[in-house]
Amino acid sequence: MTTTGPRLAEITPANLDAALGIHVRPDQEHAVAPVVKSLAEAYVHPGIAWPRLILDGDRPVGFLMAFLGIDWYGDGSEIRSGLWRLNIAAGEQGRGYGRFAVESVAGELRRRGTGKFYVTWHPGPAGPEGFYLGLGFRPDGENSGGQTVGVLDLA
């Protein structure tokens with residue numbers, strides 16, 4: 001029996017190639033790393049990275065990776081969790097999968113007792129700022145690696 005509707009799946013040997021096959025539109029490639037880089041980072045940050053394949057039924061439509069409990073400033077003063085990467089396949093955009101991904105990460109963070117949800121995005125006309133603002137994220141005045149830092153209160 002095939003499950004319908006979007007869902008998250010752990011990355012396994014059985015679905016690795018499907019995850020690696022997720023590619024954003026060419027005009028978005030500058031704004032998000034490819035899945036292969038995200039999985040390499042997940043490998044070297046096993047306690048922090050939370051990679052998931054986004055499926056609609058059995059069809060791969062995207063990839064996300066959350067970060068859990070990062071020491072943001074490297075001095076123990078602030079621990080943050082949020083969305084590290086979001087790659088929705090080029091032909092699947094505009095169908096609600098990005099919203100589903102963000103809501104899924106928010107649910108996982110709430111389950112873990114996290115009060116704030118962080119994300120960064122590249123500013124500019126081809127960037128995802130409008131998407132994140134539309135979901136309630138607000139810039140917190142910070143910049144990280146040339147990206148705008150946004151926060152959503154989960155309380």
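1. A nonpolar core is taken here as a set of buried Ala, Val, Leu, Ile, Met, Phe, Trp, Tyr and Cys residues joined through side-chain atoms within 4.5 Å. In this predicted model, the largest such core holds 24 residues, of which Leu83, Leu86, Phe117 and Phe137 touch the most other members. The elements that contribute two or more residues to this core are β2 (49-56), β3 (59-71), β4 (79-88), α3 (97-111) and β5 (116-121), and the largest share, seven residues, comes from α3.

2. Phe137 deserves a separate remark: leaving aside residues up to four places away in sequence, Phe137 touches Val102, Phe117, Tyr118, Val119, Trp121, Tyr132, Gly150, Val151 and Leu152. A second, separate core has 12 residues, including Val35, Ala42, Ala49 and Leu55.

3. As for the aromatic rings, the count comes to six pairs. One of them, Trp72 with Tyr118, is stacked, at 6.3 Å centre to centre and with 25° between the planes; this pair links distant parts of the chain, since Trp72 lies in the loop between β3 and β4 and Tyr118 in strand β5, 46 residues apart.

4. Trp121 and Tyr132 form another stacked pair, with 5.6 Å centre to centre and 15° between the planes, and they join strand β5 to helix α4 (residues 129-134) across 11 residues. Here Trp121 is buried at 1% relative accessibility, and Tyr132 is buried at 6%.

5. Ring pairs also link Phe117, Trp121, Phe131, Tyr132 and Phe137 into a cluster.

Conventions. Residues are numbered from 1 along each chain as its sequence is written. This is a predicted model: local features need pLDDT of at least 70, side-chain atom pairs count only at pLDDT 80 or more; totals for chains, interfaces and linings use all residues. Side-chain values use heavy atoms; hydrogens and water are left out. Buried means under 20% relative accessible area, exposed over 50%, partly exposed in between (1.4 Å probe, protein chains only). Helices (H or I, at least four residues) and strands (E, at least two) are DSSP runs, numbered from the N terminus. Contact means heavy atoms within 4.5 Å. Rings of Phe, Tyr and Trp (its six-membered ring) pair if their centres lie within 6.5 Å; planes under 30 degrees apart count as stacked, over 60 as edge-to-face and the rest as tilted.
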